[in-house]
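Take a walk through this complex with the model open beside the text.

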Amino acid sequence: MELILSLAIGVMTGCGVWLILRPRTYQVIVGLSLLSYAVNLFIFGVGGVKSNMPPILAGDVLPATLADPVPQALVLTAIVIGFATTALFLVVLLASRGLTGNDHVDGREEQR
Amino acid sequence: MIQWSHHLIIAPILVPLLASALLLFLDERQRVAKAMISVISTLFLVLIAFILLKIESGPNDFGGVYLLGNWAAPFGIVLVLDGLSALMLFLAALLGIAALVFSLARWHAKGAHFHSMFQLLLAGLNGAFLTGDLFNLFVFFEVMLAASYGLMLHGSGPLRVKAGMHYIAVNLVAALFFLIGVSLIYGTAGTLNMADLAARLPQIEPDRLMLLQAGAGVLGVAFLIKAGMWPLCFWLPTAYSAASAPVAGIFAILSKLGIYVILRLTMLLFGDGPLDGFGANALLLGGMVTLIYGIIGVLASQALGRLAGYSVLVSSGTLLMVLGINDGVVSSGALLYLVSSTFTISAFFMLIELVERGQDAGANVLAVTMEAYGEGDEEGIDEAEGVTMPGTMAILGLCFAACGILLAGLPPLSGFIAKFAMLTAMLGAGAIGVPPTAAIWTLIVLVILSGVASLIAMTRVGIRTFWGSLEGTVPRVLVIELTPVMFLLALTLLLTVWAGPAMQYMDTTIRTLGNPASYIEAVQKAYRVPGYQSAPTQVGDP
């Protein structure tokens, strides 16, 4: 379980980093999204990987088996904020495409 | 008994937040009403920040912990008002009112929702200054950044959209670093409350401590991107010079927000204990390289906007170096420098737009290029009598000279006092018996060099702009545009006159920051309002 989670985070981070270094704006935004997924999973994993555990301290639950509710709350906030900023970036990307006529991050193709 | 003034702590967040929400209901055509609401809200902010500063400089310190939702400290989010946050609040409010008044002349009508975004930016800034919780800091940071993305693009145009796109991409990556750092810290320490974190640090096992250090380092990268430390700073000059003038004016404090957070967290977490001096060398070296890069940039920039952008880097570099030394007396000088340089850079950004209005865009670039090729000097000898200088140009020229003096750190304005305070403190360490180390000497030389570089660059540009033979029409400048610039410059003059009390305030602030125990105790013993029992505790009552 831990291995799969860390592999997933690693692969997504790798792809994300490669993509944000590419010259096309669309690649950059996909890279940023992948990176933010990886980070969200990472935050989730920080609380310990547990399945089927309640995050609420009721009478008969041992605190050691409890799922930590704080990373879940954090990741929820991070998802919302990440979603909003990605949407905003998408708008800027379209504006740039409209103003410069191409989708290079610098607004023009590099001279070869 | 909780006093009414206690609730003032949350007002700097609530007032602009409400104002921005209210502004959304108004149609874009009701420009006067929108401007009125925005100005009233910002004036309120200045007043509140002034009262808070007054309270904070009073005899009793640390009355200022505000429990949001009335939850006790490590469980709920706290707002903490201390000397440093009160100072930053006041600084932000003053810059806010200046930039806002400047924008009323023409910029606020150049696009939609300028005032809403401006108020949101102020709310985010104030929240980030006040909060005592790491994740809440992230939220306020994002509020401020989201507003700044919108403001960065205000006025549109290809250049602005391109610079804005880079700015947004860099800051999104910075936000991801922030999240990784915060979650690593939570994973190792089990808390996000800054005071609680500082209290728990000594008890963390060594193997976890390394992970915590990694988290703190990653978190630091996020703030250093904002502060513009080399090599994380290449976006900054382009973004700041492409932004519209009032926006660049308020952006001057965004890089100082990065500095503020680093100062707060290093003093609180790495003052003493297991992580004593963590990251100090990185800050010192990074600051030095940033300063060198800034100096080269200032000397090399041909356009005025980029000159101002690199001045931001010079100021950041100086502050980062001082944070790296982490010496109490030097730091209080640096705080004065922070205030003074923020006013200066903000005024300079707004002044640039006024000066450049009279010229065509490439004139300055052309001027410097011409200088390099030795052309253009032979002209203008015929008109020996000279032409009378128009009044507008005279005032603009005076403001420009004041900016130059402030950036270079010459007397009589506050730039000199601040640099003098820092340099005497650095040299003073030698007088007591500890000779200044090689690092300190390098630092002193770099700070003086940066002043010389600013002076050279400003003189060159000033001569070309105001005395040069290049024909430019006299810019049409409204009083409402000149007033904010002169207001900010007058503030630096006031800072010079009241340098004594100001320096004393900075000293007290730094000394309080250097004693994390008082901060931790204040947060842990924060006063809860009685009578509002939360639901779970009532269940057990008979």
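Where does Pro231(B) lie? Pro231(B) sits in the loop between helix 8 and helix 9 of chain B. This is a predicted model, and the geometry at that loop deserves a look. Trp230(B) and Pro231(B) are joined by a cis peptide bond, with omega at about 5°. A cis bond also joins Pro411(B) and Pro412(B), where omega is about 10°. Pro412(B) belongs to the loop between helix 16 (391–408) and helix 17 (414–432) of chain B. Most residues other than glycine have a negative phi, and most peptide bonds are trans.

Asn70(B) is not a glycine, yet its phi is positive, at about 60°. Asn70(B) is found in the loop between strand 1 (65–67) and strand 2 (78–80) of chain B. It has 15 C-beta neighbours inside 10 Å, so Asn70(B) counts as partly exposed. His113(B), also not a glycine, has a positive phi of about 55°. The loop between helix 3 (83–105) and helix 4 of chain B holds His113(B). His113(B) is partly exposed because 17 other C-beta atoms lie within 10 Å.

Gly155(B) marks another loop, the one between helix 5 (134–152) and helix 6 of chain B. Its count of other C-beta atoms within 10 Å is 17, so Gly155(B) is partly exposed. Beyond its neighbours within four places in sequence, Gly155(B) contacts Trp107(B), Lys110(B), Gly111(B), Arg160(B) and Ser244(B). Gly69(B) is another matter: 86 residues away along the chain, its C-alpha atom is 40 Å from that of Gly155(B).

Now step back to chain B as a whole. Chain B has 22 helices and 2 strands. Of its 542 residues, 55% count as buried. Among contacts in chain B with a separation of 6 or more, 82% join residues 24 or more positions apart.

The largest nonpolar core has 214 residues. Those with the most contacts inside this core include Leu121(B), Phe178(B), Val182(B) and Val523(B). Helix 6 (residues 158–189) of chain B gives the most to the core, with 20 residues. Leaving aside neighbours within four places in sequence, Val182(B) is in contact with Leu134(B), Phe135(B), Phe138(B), Leu192(B) and Leu219(B).

Helix 12 (residues 280–300) of chain B comes next. At 1.5 Å a residue, its 21 residues should span 30 Å, and the end C-alpha atoms are 30 Å apart, so the two values agree. Buried residues of helix 12 of chain B include Leu283(B), Gly287(B), Leu291(B), Tyr293(B) and Val298(B). Helix 8 (206–227), helix 9 (236–242), helix 13 (304–325) and helix 18 (438–467) of chain B are among the elements that cover them.

Turn to chain A. An unreviewed UniProt entry places the feature "transmembrane region" at residues 6–21, 28–49 and 69–95 of chain A. In the model, residues 6–21 of chain A are 94% helix and 0% strand, and the end C-alpha atoms are 23 Å apart. Residues 28–49 of chain A are 86% helix and 0% strand, with end C-alpha atoms 30 Å apart. Ile56(A) lies in the loop between helix 2 and helix 3 of chain A. Ile56(A) and Ala67(A) are 11 residues apart in sequence, and their C-alpha atoms are 8.0 Å apart.

How do the chains meet? In the interface, 27 residues of chain A are in contact with 20 residues of chain B. Helix 2 (25–46) and helix 3 (69–100) of chain A each give two or more residues to the side of chain A that touches chain B. Helix 3 of chain A gives the most, with 16 residues. By class, that side has 20 nonpolar, 6 polar and 1 charged residues.

Last, confidence. The predictor gives the complex an ipTM of 0.92 and a pTM of 0.89. Chain A averages a pLDDT of 86, and chain B averages 84. In chain B, helix 4 (residues 114–130) has the highest confidence, at a mean of 93, and helix 22 (residues 535–539) the lowest, at 44. Over residues 375–385 of chain B, pLDDT stays under 50, and the model has 5 contacts beyond four places in sequence for this stretch. Residues 534–542 of chain B are also below 50, with 1 contact beyond near neighbours in sequence.

Notes
Residues are numbered from 1 along each chain as its sequence is written. Chains are lettered from A and ligands numbered from 1 in the order in which they are written. This is a predicted model: local features need pLDDT of at least 70, side-chain atom pairs count only at pLDDT 80 or more; totals for chains, interfaces and linings use all residues. A nonpolar core is a set of buried Ala, Val, Leu, Ile, Met, Phe, Trp, Tyr and Cys residues joined through C-beta atoms within 7 Å. A residue is buried if 20 or more other C-beta atoms lie within 10 Å of its own, exposed if 12 or fewer, and partly exposed in between; C-beta atoms are placed from the backbone. Helices (H or I, at least four residues) and strands (E, at least two) are DSSP runs, numbered from the N terminus. Two residues are in contact if their C-beta atoms, placed from the backbone, lie within 7 Å. Ala, Val, Leu, Ile, Met, Phe, Trp, Tyr, Cys and Pro count as nonpolar, Asp, Glu, Lys and Arg as charged, and the others, Gly among them, as polar. pLDDT is the predictor's confidence in each residue, from 0 to 100. The expected span of a helix is 1.5 Å times one less than its number of residues. UniProt positions are given in the numbering used here, feature names are shortened, and annotations may be inferred rather than shown by experiment.
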